[in-house]
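Here are my notes for someone opening this structure for the first time. Have the viewer ready and follow the points in order.

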Amino acid sequence: DLKASMAKLSSGQRINRAADDPAGLIISEKMRAQIGAIEQEIKNVDNTYNKLSTADGNLDTLQNSLREMRNVAVGAATEGGNSEAAQQAYQQTMDNAVNGYNMVLESAAYGAQNLFDGSPGSAADLNNLAGVDVSTAEKAQESIEAIDERLDEISDLRGEIGSTQKNELEASRNNMETEMANLTAAESSVRDVDMAKEYTNFVNQEIKYKAGIALLTQQEQIPSIILSLSFH
C-alpha cells in the first residue's frame, strides 16, 4: 500500500496500472482518444485558416496591382490629350503591370497547393489577365471597365474568405477548444490523483509501516528480556 501510494504521488495519477481501477482506466482511455481526435481537428482547422490567410494576402497584392493598372488606364483614356508616344508608354507600363499580376496569380501557393487555379483545396478559380489594351483612349476606357470587374470579383472573394474564417473556422475552433477543455477536465477527474488526499494516505501508510517495524523489533527483543529475567 505504501509503494502504491508513492507511485500515485510521484506520477500524479490515481491510475498507474489496470489493477488500480479497471473501469476507470477504460473510461479514461476513451476520453483520451476523443481528446486526441479533437486536437487533430483543431490542427486541420488551423491549417485551413492559415491557407485562407495566405490567399487573402495574395489577393491584397493583386488588388493593389489592379489599382495601379486602373490609374494607368485612366491616364491613357484621356481623349486627345496624349501623344502617340505617351500612349505607347502607357501600354508598355500596362503590359508590365499585367505580367506582374499574372506572375503573382500563378505563383500564389500554400505549400504545394496552388491557391487560385480552381483545383480541389484551392481558395478560388481566377484567370490570368490578358488583352488589357490602352493603346487608344477608347480601348483604355474599355480596359477600365474590365479592371473594375476584376476588382469587384476579388473584393467579393476576400469578403467570402473573411466570412469563412470568422463565422466558420473561428467559431468551430472555439467550440472544439471548449469541448476539449471539458473532456480534459473530466478525464483528469477519473485518472489524476487527489494529491492532498493521497498524501494523507501516504503518511498514514508510512506511520503503519514504521510502527510495524518497531513492533517486530520489540517482538524479537521479548525472548531475550524474558531470558534475562529468568536468570535474576
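This is a predicted model: local features need pLDDT of at least 70, side-chain atom pairs count only at pLDDT 80 or more; totals for chains, interfaces and linings use all residues.

1. Leaving aside residues up to four places away in sequence, Ile147 touches Leu66, Met69, Arg70, Ala73, Met94 and Val132. Ile147 is also among the residues with the most contacts inside the largest nonpolar core.

2. Now widen the view to that core. The largest nonpolar core has 39 residues. Besides Ile147, those with the most contacts inside it are Leu59, Leu66, Met69, Met94, Tyr101 and Phe116. Helices H2 (22–76), H3 (84–107) and H4 (137–191) each give at least two residues to this core, and the largest share, 14 residues, comes from H2. As background, nonpolar side chains in soluble globular proteins tend to be buried together.

3. How do H2 and H4 sit relative to each other? Their axes come within 7 Å and cross at roughly 165 degrees. That angle is over 145 degrees, so the two helices are roughly antiparallel to each other. The crossing of H2 past H4 is left-handed. If you sort the residues of this contact by type, you get 31 nonpolar, 11 polar and 18 charged.

4. On the H2 side, the contact is made by Asn58, Thr61, Leu62, Ser65, Leu66, Met69, Val72, Ala73, Gly75 and Ala76. H3 brings Gln87, Tyr90, Thr93, Met94, Ala97, Val98, Tyr101, Val104 and Leu105. By type, the residues of the contact of H2 with H3 are 13 nonpolar and six polar, with no charged ones.

5. Is Ser143 buried or exposed? Its relative accessibility is 6%, so serine 143 counts as buried. Not counting residues up to four places away in sequence, Ser143 touches Val132, Asp133 and Val134. Val132 is a neighbour of Ile147 too.

6. Arginine 173 is also in H4. With a relative accessible area of 24%, arginine 173 is partly exposed, the cut-off for buried being under 20%. With residues up to four places away in sequence left out, Arg173 touches Ile42, Val45 and Asp46. For a sense of scale, pick lysine 3: arginine 173 and lysine 3 are 170 residues apart in sequence, and their C-alpha atoms are 43 Å apart in space.

7. Finish in a loop. Where is glycine 131? Gly131 is found in the loop between strand S2 (113–114) and H4. At 74% relative accessibility, glycine 131 counts as exposed. Ala97 is one of the H3 residues in the contact with H2.

Notes. Residues are numbered from 1 along each chain as its sequence is written. Side-chain values use heavy atoms; hydrogens and water are left out. A nonpolar core is a set of buried Ala, Val, Leu, Ile, Met, Phe, Trp, Tyr and Cys residues joined through side-chain atoms within 4.5 Å. Buried means under 20% relative accessible area, exposed over 50%, partly exposed in between (1.4 Å probe, protein chains only). Helices (H or I, at least four residues) and strands (E, at least two) are DSSP runs, numbered from the N terminus. Contact means heavy atoms within 4.5 Å. Axes are lines fitted to C-alpha atoms, for helices over the stretch in contact, and angles run from 0 to 180 degrees between N-to-C directions. Angles under 35 degrees count as roughly parallel, over 145 as roughly antiparallel, 65 to 115 as roughly perpendicular and the rest as oblique. A crossing is left-handed if the near helix is turned anticlockwise from the far one by less than a right angle, and right-handed if clockwise. Ala, Val, Leu, Ile, Met, Phe, Trp, Tyr, Cys and Pro count as nonpolar, Asp, Glu, Lys and Arg as charged, and the others, Gly among them, as polar.
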